[in-house]
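Dear colleague,

Please find below the structure that I am handing over to you. My findings follow directly after it.

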Amino acid sequence: MLKIENLCVAYGKRLILNCVCLEVSSGKVTALIGPNGAGKSTLVKSVSGVVPILSGSVWTNGKDLSSLHSMQRARLLAVVPQAVSMPPAYTVWETVLMGRTPYLNFLGQTSLRDDDLTRCALERVDALALAGRRMGELSGGEQQRILLARALAQSTPILLLDEPTAHLDLQYQVNLLETVHDLAYNDGLAVLIALHDLNLAARFADQVALLVEGEIRARGTPRQVLRPNLISEAYHLPVQVVRHPFLDVPLVLPGAGDED
Amino acid sequence: MRRRFLPYILIFIALVLSVLLSVAIGSVFIPPGDLWRVITGQSPRIITQAAFILTAIRLPHSVLTALTGAALGGSGAAYQAVFKNPLADPYLIGVASGAGLGAVAAMAISWPYTFWGLAAVPLAAFLGALLTVFTVYALARIGKTLPTTNLILAGVAISAFATALTSFLMLRSSGELHRAIAWLLGGSSQAGWGPIMILLPYLALGLGALLLFGHALNLLQFGDEQAQQLGLNVTRTRTLVLLIASLTTAAAVAFSGVIGFIGLIVPHIIRMWLGVDYRRLLPMSILGGAVVLLIADVLARVVLAPQELPVGIVTALAGAPFFLWILRKTKSQGYW
């Protein structure tokens, strides 16, 4: 479980995150939604220690993450970044094996166990067949799955994903999120995922947090957060929320209703 | 397992062959038969002259050349990794010029050909290199990030400045001008085993330490954020690698002058051959640097024989087209 308490982050004098409080439970998927520039990526980066924290704290199992070394933190928390500007020349196997970094000795030697965990991670994202290929030869969807595998090889109880579906085709988006959902439900990971697609958040998340201008405006189940008034105000756009025709989740549609 | 060690075996054979070639060729050609007899210690009376040339002149020269090449190949690979730029090279970022300035300053103050006079030169070169690398670092740095473009631009500017100062110092200390120019162009005019004894500890320390960073340098290729999220202390790693690579470069520059393009060419050839894994790329670049500089040095002595060219001219003539080729290649496709 991940507990974010009163987290404030600033770039220079500009406050990006203002007293954010959020709990990410184990075995659940928590989606972070909000318009561009709301601070979703900053939240992921500050929790993972890449962006310095102004005040507040991030706890897991009674440990303050910001007080840990990057290696200790990398054993607790793995991040799946967006697959942009990847070094193209490493093979898929080499890339995923780098997830084992926090467990290696100072020479960076890998053991048979590291090989096993790398193989498992690749199987988990259904990409073992790609092991010998170079990252640069893969499609965006495949690269994103490899980055998920690398995070899984880190064997952490917490998984953070920063808009992993941003540039993917529909089938890859659904594929990836099904895997992520499965990781929370079957493996008990605490998953925090920044998503820009509200309907994917509605379908795959147990909890949704709406981040607007660095503040959490609402959080709860998808049904509680994905309300027309909340979403319209956050995105400055009139929206309709209807019931999904087959699944028991809300469906957000842009546009004003004529009847109103 | 065999595939893993094959490149090392091949490069080791190439190293032995190029050392043999390097000691055999010169103003007096030593036939392979005599070479063999000297090495194995058979019938030394018949070929004492050859033996003297070999052990007192040729061999130290070859060893110095090999060590210099190793230092430039290894530090070139390290700079390319840290700056994530295929064109990073001790020259491009100004470290070599800084080291040259330090060395020339030490020589301008005193040019005594004694042990301590010699030992002071690499120290001054190291100070010059460090001063350059951290000036460049400070100039290029924005907050906590280090954009590559800034770094290269700052490197070029500082390099021009250091080169101008070096020229000024050389013009002022008129007497040894010719020798200093020859040295600066990469003609290792200093003979004997003395320089090697001083160079060796610097290089053993520097290159040995560099080899520990293979995995860390792999991680850095994914960007600072991902490297840190994977558990690497990015700032510390980068500072340490820069320090070590600068020490290594400085030691090589202090004794062999400013030899360009080895640090650029060699890691590229190895990368095209074996891929980008720095755990293998670093040791192979070190060994490959030795091989390539030995061959360039043989060419420098053969092309206009009996006159010997400074080896820096040969590496620049071969290296500049290579540089342009890489520039084109990196634009069109991403094998980097």
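Among contacts in chain B between residues at least 6 apart in sequence, what percentage join residues at least 24 apart? The share is 77%, where two residues are in contact if their C-beta atoms, placed from the backbone, lie within 7 Å.

Please note that this is a predicted model, in which local features need pLDDT of at least 70 and side-chain atom pairs count only at pLDDT 80 or more, whereas totals for chains, interfaces and linings use all residues. Residues are numbered from 1 along each chain as its sequence is written, while chains are lettered from A and ligands numbered from 1 in the order in which they are written.

Chain B

Chain B has 14 helices and zero strands; helices (H or I, at least four residues) and strands (E, at least two) are DSSP runs, numbered from the N terminus. Of its 336 residues, 48% count as buried, that is, with 20 or more other C-beta atoms within 10 Å of their own, C-beta atoms being placed from the backbone.

Domains of chain A

Chain A is divided into domain 1 (2-61 + 157-254) and domain 2 (86-156), with bounds that come from an automatic or database domain assignment. The C-alpha centres of the two domains lie 26 Å apart. Ten residues of domain 1 are in contact with eight residues of domain 2. On the domain 1 side, the elements giving two or more residues are strand E7 (158-162) and helix H6 (170-187) of chain A, and the largest share, three residues, comes from H6(A). By class, this side has seven nonpolar, two polar and one charged residues. Here Ala, Val, Leu, Ile, Met, Phe, Trp, Tyr, Cys and Pro count as nonpolar, Asp, Glu, Lys and Arg as charged, and the others, Gly among them, as polar.

Sheets of chain A

An open sheet of six strands in chain A has the order E6-E7-E8-E3-E9-E10, with mixed pairing; two strands pair if DSSP finds at least two bridges between them. Its edge strands are E6 (77-80) and E10 (215-220) of chain A, each of which pairs on one side only. Neighbouring strands of this sheet are turned by 20° against each other on average, direction ignored. Strand E9 (residues 207-212) of chain A pairs with E10(A) in the antiparallel sense over five bridges, and A:Leu211 stands opposite A:Ile216 in E10(A). H6(A) packs on the sheet, touching E3 (29-33), E7 and E8 (190-194) of chain A, and its direction makes about 155° with that of E8(A). Axes are lines fitted to C-alpha atoms, for helices over the stretch in contact, and angles run from 0 to 180 degrees between N-to-C directions.

An open sheet of four strands in chain A has the order E2-E1-E4-E5, with antiparallel pairing. Strands E2 (14-24) and E5 (63-64) of chain A stand at the edges with a single partner strand each, so one side of each is left without a neighbour in the sheet. Four bridges join strand E1 (residues 2-11) to strand E4 (residues 55-60) of chain A, and A:Glu5 has A:Ser57 as its bridge partner in E4(A). Helix H1 (residues 40-47) of chain A packs on this sheet, touching E1, E2 and E4 of chain A, and its direction makes about 70° with that of E2(A).

Interface between the chains

23 residues of chain A are in contact with 22 residues of chain B. The largest share of the chain A side, three residues, comes from helix H2 (residues 70-76) of chain A. By class, that side has 14 nonpolar, seven polar and two charged residues.

With kind regards

Conventions: A residue is buried if 20 or more other C-beta atoms lie within 10 Å of its own, exposed if 12 or fewer, and partly exposed in between; C-beta atoms are placed from the backbone.
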